[in-house]
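Here are some notes for a colleague who is opening this entry for the first time. They take up the contact between the chains, and then the folds on either side of it.

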Amino acid sequence: MRRWSAIPGLPPLLACAGLLVLWELAARGAHIDGLPPAHQALKQVPAILLDRESLFHIADSVRRMLIGFALALAFAIPVGLAMGRSGKVAAFFNPLLMVIYPVPKAALMPIIMLWLGVGDASKTLVIFLGVSLPLIYHSYQGARAVEEKMLWSASAMGMNGLQRMMRIVFPASLPEIFVGLRTGLVLALITMVTSEMIARQAGVGNILFNSLDMALYDRVYAMIVIIGILGFVLDVAFERIRAWFVAWADSQHQIAVGTS
Amino acid sequence: MIAIERISKTFETRRGASHLALGEISLDVADGEFVSILGPSGCGKSTLLYIVGGFVPPSTGVVALDGKPVTGPGPDRGPVFQEFALFPWKTVLGNVMYGLLERGTPKVEAEAKARALIGLVHLEGYEGFYPKELSGGMKQRVAIARTLAYGPSILLMDEPFGALDAHTRTGMQNELLEIWERDRKTVLFVTHSVEEAVFLSDRVVVLTRSPGRIKETIRIDLPRPRRRKELLVDNRYQRLVVEIEALMDTPAQRR
């Protein structure tokens, strides 16, 4: 006998359906303006996605998010790896990071807006900060955990410090770096929306809060659903990329062959 | 020739005190000689090996290879560690080829040479496997092949079979002897197993308890090629094992 939970993809679908039913029932029972029934909100999803202007806003948000993410990648990984391998570099950056880490990056947005205005630069910078910190942390952890004997083996082959960093420490830390990247991706999405809430000018957050101002609640919920779907799609794509890069470290590939 | 001259190593402890890990050690190892360093755990025998490898600087003394002092690691000395230390993101073939490509060997040639070495350590068919998918014994064979690949004249083996089960261990000792008897590289072999040291070596150096100093050097005059089955019933082998075990048991001499 096969258990229903063994069918791939079924449990999450059921969970989503259950949530929608609950939402629908709650909305019909409560009669609050701010809580339209699920079917009404979902009807707005295709409407938004077919509208050129909204699509432009969404694409604009995603573009900023990817730029912020890419900048963080280029900055945070080298810094984290260097911190992991050098006590001096770690001692230099650590206090700085400890202060910035717990601060919600959106809280920096007003100040950054004073410097850089309400345009792309401010929002991208906030996304960059949000992604950088977990990424530095995980790169640092990954680099610190690299087995010393592995580095010795490499230096016996004639590799110098920089070569070992790029070709031993970096690949050896990749599984941990990807943990940071995933956290970073979620944070990028969050900071993307919050930055647009504060500096309203364009983007997903702008549509959301303009709709709220105009009391178009079904549109507000539709936007939340779209952001959720966007996050889901990004996460699935990310997992594919991750699996391709670090298949060598995944436990599900463990076959444990033969004796001796 | 490896000339180890009055080497000692002092570590700074966390509290700022210093701890003498390795006393003054002087030892010459001839080309093609198989020398085991035997001692209780914590006597600094691995540290001595790391110093010869250039991975750890000595506090005093100097190691010279054919008259040239060691200043750092180099491809003339190939390490094999108890922890295997394979590159987990590379396949078996990728690991064995790594040092060759690093030394500038063209890819086609490197691959052919790596495949031959994989055959030498009996891992044909596993070229595309990742280290994670291999057992301990197989990992150590890959590590040995990876080190042999770039052609070091000296092998530095740091308890290479220490993490393996007894059965795998004896199998690996036989294979190592076979390989060594073929090309007679200089080997410095750290172990805490008396049988292993006697079985493999031309000479066994017994260190004292921490700080490690040379307690005694014993020449192993057993004929080669050595066969395990014959040795185990050989009186001379048995006597050497008993003699060295007795040496290891005597309590540390008070200084």
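Which residue forms a salt bridge with A:Arg167, and how many Å apart are the closest N and O atoms?

1. The residue is B:Glu102, and in its salt bridge with A:Arg167 the closest N and O atoms are 2.4 Å apart. Please keep in mind that this is a predicted model, and that the pair belongs to an interface of chain B and chain A across which the rule finds two salt bridges. Across that interface there are also six residue pairs in polar contact, counted where both residues have pLDDT 80 or more.

2. On the side of chain B that touches chain A, at least two residues each are supplied by β6 (77–81), α2 (92–102) and α4 (136–149) of chain B. The largest share comes from α4(B), which gives four residues.

3. As for the extent of the interface, 33 residues of chain B are in contact with 27 residues of chain A. The size of an interface is often given as the accessible area lost when the parts come together; for chain B and chain A the buried area is about 2500 Å², with 65% of it on carbon and sulfur atoms. Of the area that chain B buries against chain A, 26% is supplied by B:Trp89, B:Lys132 and B:Glu133, which is more than any other three residues supply.

4. Turning to the fold of chain B, one open sheet has six strands in the order β6-β7-β8-β3-β9-β10, with mixed pairing. The strands β6 and β10 (214–219) of chain B stand at its edges with a single partner strand each, so one side of each has no neighbour in the sheet. From one strand to the next, the twist averages 15°.

5. Within this sheet, strand β9 (residues 203–207) of chain B pairs with β10(B) in the antiparallel sense, over five bridges. A reader who wishes to follow the pairing residue by residue may look at B:Leu207, whose bridge partner in β10(B) is B:Ile214.

6. Helix α5 (residues 166–183) of chain B touches β3 (34–38), β7 (154–158) and β8 (186–191) of chain B, and its direction makes about 165° with that of β8(B). Helix α8 (residues 235–249) of chain B lies across β3, β9 and β10 of chain B, and runs at about 175° to β10(B).

7. Chain B also has an open sheet of four strands, in the order β2-β1-β4-β5, with antiparallel pairing. Here the edges are β2 (18–29) and β5 (68–69) of chain B, each with a single partner strand, so that one side of each is left without a neighbour in the sheet. Strand β4 (residues 60–65) of chain B is joined to β5(B) by two bridges, and B:Leu65 has B:Lys68 as its bridge partner in β5(B). Helix α1 (residues 45–53) of chain B lies across β1 (2–12), β2 and β4 of chain B, running at about 120° to β1(B).

8. What does the secondary structure of chain A come to? Chain A has 10 helices and zero strands, and its C-alpha trace spans about 70 × 65 × 30 Å along its principal axes.

Methods: Residues are numbered from 1 along each chain as its sequence is written. Chains are lettered from A and ligands numbered from 1 in the order in which they are written. This is a predicted model: local features need pLDDT of at least 70, side-chain atom pairs count only at pLDDT 80 or more; totals for chains, interfaces and linings use all residues. Side-chain values use heavy atoms; hydrogens and water are left out. Contact means heavy atoms within 4.5 Å. Buried area is the accessible area (1.4 Å probe) that two parts lose on being put together, summed over both. A salt bridge is a side-chain nitrogen of Lys or Arg within 4 Å of a carboxyl oxygen of Asp or Glu. A polar contact is a pair of N or O atoms within 3.5 Å; within protein, one must be able to donate a hydrogen and the other to accept it, and residues adjacent in sequence count only if both atoms are side-chain atoms. Two strands pair if DSSP finds at least two bridges between them. Axes are lines fitted to C-alpha atoms, for helices over the stretch in contact, and angles run from 0 to 180 degrees between N-to-C directions.
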